[in-house]
Amino acid sequence: MRLAFAFALLAVPAFADGPVIENVTVDGDRFSVTLSHPDTGWDHYADGWEVLDADGNSLGIRELLHPHVTEQPFTRSLSGVVVPEGATVVYVRARCNVDGWSDDLFEVVLDN
């Protein structure tokens with residue numbers, strides 16, 4: 001008796017790199033965030049970033065409404081961010097429309 005074995009090659013999805021915060025500047029209540037992401041078009045692009053306090057509470061979210069395929073890295077701003085009095089640090093994280101929020105936090109030390 002002969003035994004035949006079949007091996008199936010399973011396709012493993014190749015995940016693109018997540019969005020990366022390159023720089024953050026703060027001017028009063030205005031945060032300007034530079035980020036990069038290998039946007040491929042409407043199917044996969046960086047679609048937002050968020051400012052968090054030291055306890056992880058959201059202080060503001062900037063929605064990005066379209067891909068930036070040919071504009072990398074790019075900077076977008078958000079005004080009206082209210083940072084709690086006495087805070088010395090906040091964090092910024094980015095999101096893409098496929099993978100969701102990044103686990104990486106960009107620390108911003110505030111001038112007081």
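**Figure 1. Strand β6 and its partner β8.** Strand β6 pairs with strand β8 (residues 106-109) through four bridges, and the two run antiparallel. Strands here are DSSP runs of type E with at least two residues, numbered from the N terminus. Two strands count as a pair if DSSP finds at least two bridges between them. The model is predicted, so local features need pLDDT of at least 70 and side-chain atom pairs count only at pLDDT 80 or more, while totals for chains, interfaces and linings use all residues. Residues are numbered from 1 along each chain as its sequence is written, and side-chain values use heavy atoms, with hydrogens and water left out.

**Figure 2. Other neighbours of strand β6.** Strand β7 (residues 100-101) pairs with β6 in the antiparallel sense over two bridges. Cys-96 stands opposite Gly-100 of β7. The two strands form a hairpin, with three residues between them. Strand β3 also pairs with β6, here over six bridges and again in the antiparallel sense. In that pairing, Gly-48 stands opposite Arg-95 of β6. Six of the eight residues of β6 are buried, so the strand is largely enclosed by the rest of the structure. Buried means under 20% relative accessible area, exposed means over 50%, and partly exposed covers the range in between (1.4 Å probe, protein chains only).

Figure 3. Side chains of opposite charge can pair when their charged atoms come close. A salt bridge is counted when a side-chain nitrogen of Lys or Arg is within 4 Å of a carboxyl oxygen of Asp or Glu. Asp-47 and Arg-95 form one, with their closest N and O atoms 2.9 Å apart. Asp-47 belongs to strand β3 and Arg-95 to strand β6, so this pair ties together parts that are 48 residues apart in sequence. Arg-95 also forms a salt bridge with Glu-63, where the closest N and O atoms are 2.6 Å apart. This second pair links distant parts of the chain, since Arg-95 lies in β6 and Glu-63 in strand β4 (residues 58-63), 32 residues apart. Together, Asp-47, Glu-63 and Arg-95 are linked in a network of salt bridges. Asp-47 is buried, with a relative accessible area of 13%, and Arg-95 is buried as well, at 14%. Glu-63 counts as partly exposed, with 40% relative accessibility.

**Figure 4. The salt bridge between Glu-71 and Arg-76.** The structure holds four salt bridges, and one of them joins Glu-71 to Arg-76. The closest N and O atoms of this pair are 3.2 Å apart. Glu-71 is partly exposed, at 35% relative accessibility. Arg-76 is partly exposed too, at 21%.

Figure 5. Strand β2 (residues 30-36) has six of its seven residues buried, so the strand is largely enclosed by the rest of the structure. Strand β1 (residues 20-27) is joined to β2 by seven bridges, and the two run antiparallel. Ile-21 stands opposite Leu-35 of β2. The hairpin of β1 and β2 has two residues between the strands, and Gly-28 takes a positive phi near 70° there. Strand β5 (residues 74-78) is joined to β2 by five bridges, also in an antiparallel arrangement.

**Figure 6. Ser-32 and its surroundings.** Ser-32 lies in strand β2 and stands opposite Ser-77 of β5. The side chains of Ser-32 and Ser-77 make a polar contact at 2.6 Å. A polar contact is a pair of N or O atoms within 3.5 Å; within protein, one must be able to donate a hydrogen and the other to accept it, and residues adjacent in sequence count only if both atoms are side-chain atoms. Ser-32 counts as buried, at 15% relative accessibility. Apart from neighbours within four places in sequence, Ser-32 is in contact (heavy atoms within 4.5 Å) with Asn-23, Val-24, Thr-25, Thr-75, Arg-76 and Ser-77.

**Figure 7. The largest nonpolar core.** This core has 19 residues, and those with the most contacts inside it are Leu-35, Trp-49, Val-51 and Val-92. The elements that give two or more residues to the core are β1, β2, β3 (46-52), β5 and β6 (89-96). A nonpolar core is a set of buried Ala, Val, Leu, Ile, Met, Phe, Trp, Tyr and Cys residues joined through side-chain atoms within 4.5 Å.
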